[in-house]
Amino acid sequence: MATTASTPLGVDNELALRMYRQMVRIRAFEEAANELYRGAKMPGLTHLYIGQEAVAVGACEALRRDDFITSTHRGHGHCLAKGADVNRMFAELLGKGAGYCRGKGGSMHIADFENGNLGANAIVGGSAGIATGAAQSAKMRGTDQVVVCFFGEGALGQGLVYEVMNMAALWKLPVVYLCENNQYNEYTHYSETTAGEVVARAAGFGIPGEEVDGQDVLAVNQCVRRAVARGREGGGPTFVVANTYRFHGHHVGDVDRAYYRTKDEEEDWKTNRDPITRLGARLVDAALASPEQLESVANEAREEIAAGVRFALDAPFPAASEVTDDVYA
Amino acid sequence: MSTLETQAPSGTRVITQSQAVNEALAEELRRDSTVYIIGEDVAEAGTPFKVMSGLVEEFGPERVIDSPISEPGITGLALGAAMTGMRPVVDIMFGDFLTLIMDQLVNQAAKIRYMSGGHFKAPLTVRTTLGATRRSAAQHSQSLHAWVAHVPGLKVALPATPADAKGLMKAAIRDDNPVVIFEDKMNFATKGPVPDDDDLVLPLGVADVKREGEDVTIVATSSMVYVALEAADLLAGDGISAEVVDPRTLVPLDRDGLIRSAQKTGRVVVVDEGHQSYGASAELAATIAAGAFWELDAPVQRAGALDVPIPFSPVLEDQTVPTGESVYELAKGLVR
């Protein structure tokens, strides 16, 4: 599990293979979610993580199960990477009683307490406070838990993010601010909304900032490992910017995207910077896996996902009487 | 006489509301190591109103935490801590600053339990103020409790007396839900008897009859209880017996307690310092109008803050809030 120079990819071989499998599972999950939407089987809509898998997987594989994450509206990848069960996730997407939130949260609010996922959040930047508070709580309770706060570059426009970074730095809280720059604030390129350098924001707070190729799961993993180690040892927060790309639209219904980005740009990322293809090639080059083995990983993932979809489709809706449950503890 | 006299009946001590809140916080900090306070100038300064004097000396800066001036940030931090095993008390210096924390309070804290299907809880107390007439003008004088009471998932307490302030604060801290507790900033020096009990926890959702009467009910919240008692004294001079009922919490609301008094007297005035339009008084009045419909002899009347931003000049500000005299006139009009 530890980083080691004696292995061909610079990380433990098992870890490299597991990260490949996790990325493939997320990809398959999201493709199935898209199909559920297109088939009018999913209420509402959802935001796909396809293209960004290396960020969630690289980061979550640097965490323990009892570490925390907070997630975003584009949160399925984080949730799966932190260990969530596919069946319960699909059930939540379909508003079924077997879902993680008993059908009350849906895609944008999946939380998984058992695996330390404090929840997706439909307010951009809205979970930055929760993440930082969980880090403060870990410190106050005397544990060595660390928190990864996932947010997109769109959240760089929200004041809350800077308020909590200030406090995390002041109080040396064990939190990693992981900015996934997928280039687009909904339908607007981030360069139109974001002044200055993204990673440079950390320096103002005296927080170490690091930029990483978000399409390279090994690089993300190593970068976040360093940040997590710093937090665990009492060194305080880290700001990581993972440059990545959303292969699909802002949400599943955003299919005509020519007014804000070109097909060529999308094709370039999909062809040349797909995180799964990239790791797969490296695994094959290093003789850690054959193409056939990678294909069987993909098949297993597709089977697991298909079973999850069947489970969710067959699962009952919650009883209407549950509408008033759990307003208060 | 009202039940608010400042002589101490046996088994009680007369202390100020500020001391009562201080005692509640100190006792809960002592009792439960997961309780802590975070806010602006809560430690050495003990808050601008000196309510927390001495706490940092006893409990240290790790549990009485001076924060930056970042209301949304500290509320968010408190929520994250509450979701992971702590019981924070967030001090929002003025109720007007609730506007700054609305996302964290309304979209996050209020909804996390429901959205997660009951998997998370958020035992979080937000302590803040309400009330005008401190000559503090439009951004430090509002009574915004109705905003909070409108949001399912939040509880709202409005203590009027030192005993209620202590008992409701302790209940808020022990509650597993986000509770917003409003103290009238004009009442910190108000004295009253508080039971000699280091475990004084008042249940949330139980109204208190502050004065018994027969002819008219005045339902009053927070410092309007004192206004109502003043009106009741004036009414007594006219031979009218007024009952003063304090709901003490808006959420949960003791609907039965309010309706019972209305059924007894048949006439009701509701006094609340929030703006009258779309305010807490509307919910209280509607509750009573529906629940005591057959016993009411007159339409339920309301008195609240004038629908203007709170002005600075004393002569103007004094026009904006209910007074003993104005409530007396309103109640007398019902009984006549």
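View 1. Across the interface, 35 residues of chain B are in contact with 34 residues of chain A, two residues being in contact if their C-beta atoms, placed from the backbone, lie within 7 Å. On the side of chain B that touches chain A, the elements giving two or more residues are helices H3 (71-83), H4 (102-109) and H5 (112-115) of chain B, where helices (H or I, at least four residues) are DSSP runs numbered from the N terminus. The largest share of this side, 10 residues, belongs to H3(B). By type, this side of chain B comprises 14 nonpolar, 17 polar and 4 charged residues, with Ala, Val, Leu, Ile, Met, Phe, Trp, Tyr, Cys and Pro counted as nonpolar, Asp, Glu, Lys and Arg as charged, and the others, Gly among them, as polar.

**View 2. The largest nonpolar core.** This core has 201 residues, and those with the most contacts inside it are Cys149(A), Val176(A), Val240(A), Ile218(B), Ala228(B) and Val271(B); a nonpolar core is a set of buried Ala, Val, Leu, Ile, Met, Phe, Trp, Tyr and Cys residues joined through C-beta atoms within 7 Å. Helix H1 (residues 13-38) of chain A gives the most to this core, with 12 residues. Leaving aside neighbours within four places in sequence, Ala228(B) is in contact with Ile218(B), Ala220(B), Val244(B), Val271(B) and Val327(B).

**View 3. Helix H2 of chain A.** Because 8 of the 8 residues of H2(A) (residues 53-60) are buried, this helix is largely enclosed by the rest of the structure; buried means that 20 or more other C-beta atoms lie within 10 Å of a residue's own. Among the buried residues are Glu53(A), Gly58(A) and Cys60(A).

Residues are numbered from 1 along each chain as its sequence is written, and chains are lettered from A and ligands numbered from 1 in the order in which they are written. In this predicted model, local features need pLDDT of at least 70 and side-chain atom pairs count only at pLDDT 80 or more, whereas totals for chains, interfaces and linings use all residues.

Technical notes:
Buried ≥ 20, exposed ≤ 12 C-beta atoms within 10 Å, placed from the backbone.
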